[in-house]
Amino acid sequence: MEVDIPAALNALAPKLGGTGVEKAQRLTGGASMETWAFTLVGGGEPRPLILRRRAVPMDPETSRSASMAAEAALIRAAGHAGAPVAPLVRLCEPEDGLGEGHITGFVAGETLGRKIVADPRFDAVRPRLARQCGQVLARIHTIPMEATPLTTADAQGELDRYEAIYRSSGAERPILELALQHLRRNLPPPLPNVVLHGDFRNGNMMFDPDRGVAAVLDWELAHVGDPAEDLGWLCVNSWRFGRAERPVGGFGEYQDLLEGYIEAGGVEIPLSRVLFWQALGSLKWGIMCLMMYSSYATGATNSVERPMIGRRVSETEIDLVNLLEAGL
């Protein structure tokens with residue numbers, strides 16, 4: 001059923017401390033998630049807020065996404081741990097008429113990865129971003145695992161899952177085959193599990209040109225696992241937005257990332273372990289790109305975005321070749 005979001009927000013305004021809302025507009029939204037910006041008015045100064053809601057019910061049998069309630073609990077817990085987040089205002093209730101969702105405060109800044117790595121506005125803060133990201137991850141990784149129920153994933157399980165997806169596609173990509181074999185032969189020894197953001201990368205953070213990391217966004221893929229997974233995912237070549245020479249998000253260096261992680265209380269993690277997870281991240285994203293192309297080629301979707309993303313599998317193969325040649 002179609003939901004009239006502005007009307008539902010207006011009805012909810014008294015519970016948020018206002019009398020109504022203005023400027024309600026949808027910012028982004030894929031097949032299942034929507035983000036809306038609006039301004040709460042009445043009861044004081046106008047207050048900009050953000051609604052994040054699930055437009056399509058989650059299938060618990062197939063989805064790996066955390067529930068919106070879990071996201072809300074993680075946002076609270078991350079804030080308590082000292083990580084920058086958009087403060088949680090309300091976890092939506094069924095009577096709110098908005099479906100599964102939550103409302104947070106608005107955080108000013110920029111999320112577009114290409115601007116973070118190239119816009120002159122970020123020139124002054126850019127050299128500090130990798131260290132800040134390490135510090136933020138160290139704080140996220142202190143979130144108590146009992147804060148909210150989450151799934152657990154490890155390197156072996158991720159390889160099994162994505163190899164099965166790859167085999168089912170019928171694709172034959174020599175670099176992906178080589179990477180699968182190499183990663184299976186070089187699984188790192190286990191570390192104690194921590195709460196992971198799960199999608200910590202340039203594009204899922206809000207950056208301020210003066211302060212740097214202003215907020216960590218999009219917690220839907222949070223899970224429990226190896227702390228190096230979050231560090232390695234940030235370094236995947238596809239999240240560098242054309243600045244391949246800067247391995248951390250297109251803006252920084254491995255050493256700064258790892259030093260920041262230790263400075264904020266994280267355990268010492270060897271670069272080799274981060275590189276393993278970077279390679280696994282590139283492999284996973286490459287397989288996801290293949291599946292997006294396949295969904296278009298088979299007629300499952302007619303969105304031209306899918307084949308455009310599908311072409312990016314070559315980026316992941318370049319990253320994998322470079323890592324394998326460097327002796328990962």
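**Briefing: helix packing, cysteines and backbone features**

Helix H4 (residues 126–140) packs against helix H8 (residues 254–263) at an angle of about 40 degrees, and their axes lie 7 Å apart. The angle makes H4 oblique to H8. The structure is a predicted model.

**Packing of H4 and H8**

- Two packed helices are described by the angle between their axes and by the distance between those axes.
- The crossing of H4 and H8 is right-handed.
- On the H4 side, the contact is made by Pro127, Ala130, Arg131, Cys133, Gly134, Gln135, Leu137 and Ala138.
- On the H8 side, Asp256, Leu257, Glu259, Gly260, Tyr261 and Glu263 take part.
- By residue class, the contact of H4 with H8 comprises seven nonpolar, three polar and four charged residues.

**Cysteines**

- The count of disulfides in the model is zero.
- A disulfide requires two cysteine sulfur atoms within 2.5 Å. The closest cysteine sulfur to that of Cys133 belongs to Cys235 and is 9.3 Å away, which is too far for a bond.
- Cys235 is likewise in no disulfide, its nearest cysteine sulfur being that of Cys133 at 9.3 Å.
- Cys133, one of the H4 residues in the contact with H8, is buried, because its relative accessibility is 0%.
- Cys235 also counts as buried, with a relative accessibility of 0%.

**Residues with positive phi**

- Most residues other than glycine have a negative phi.
- Asp218, although not a glycine, has a positive phi of about 55 degrees.
- The loop between strand S8 (212–216) and strand S9 (223–225) contains Asp218.
- With a relative accessibility of 27%, Asp218 counts as partly exposed.
- Phe241 is not a glycine either, yet its phi is positive, at about 50 degrees.
- Phe241 is placed in the loop between helix H7 (227–234) and H8.

**Arg53 in strand S3**

- Arg53 belongs to strand S3 (residues 47–54).
- The relative accessible area of Arg53 is 6%, so this residue is buried.
- Arg53 and Met33 are 20 residues apart along the chain, and their C-alpha atoms are separated by 5.8 Å.

How values were computed:
Residues numbered from 1 in each chain as written. Predicted model: local features only at pLDDT ≥ 70, side-chain atom pairs only at ≥ 80, totals over all residues. Heavy atoms only, no water. Buried < 20%, exposed > 50% of the residue type's maximum accessible area, 1.4 Å probe, protein only. Axes fitted to C-alpha atoms, helices over the stretch in contact; angles between N-to-C directions. Helix = DSSP H or I, 4+ residues; strand = E, 2+ residues; numbered from the N terminus. Parallel < 35°, antiparallel > 145°, perpendicular 65-115°, else oblique. Left-handed = near helix turned anticlockwise from the far one by under 90°. Contact = heavy atoms within 4.5 Å. Nonpolar A, V, L, I, M, F, W, Y, C, P; charged D, E, K, R; others polar.
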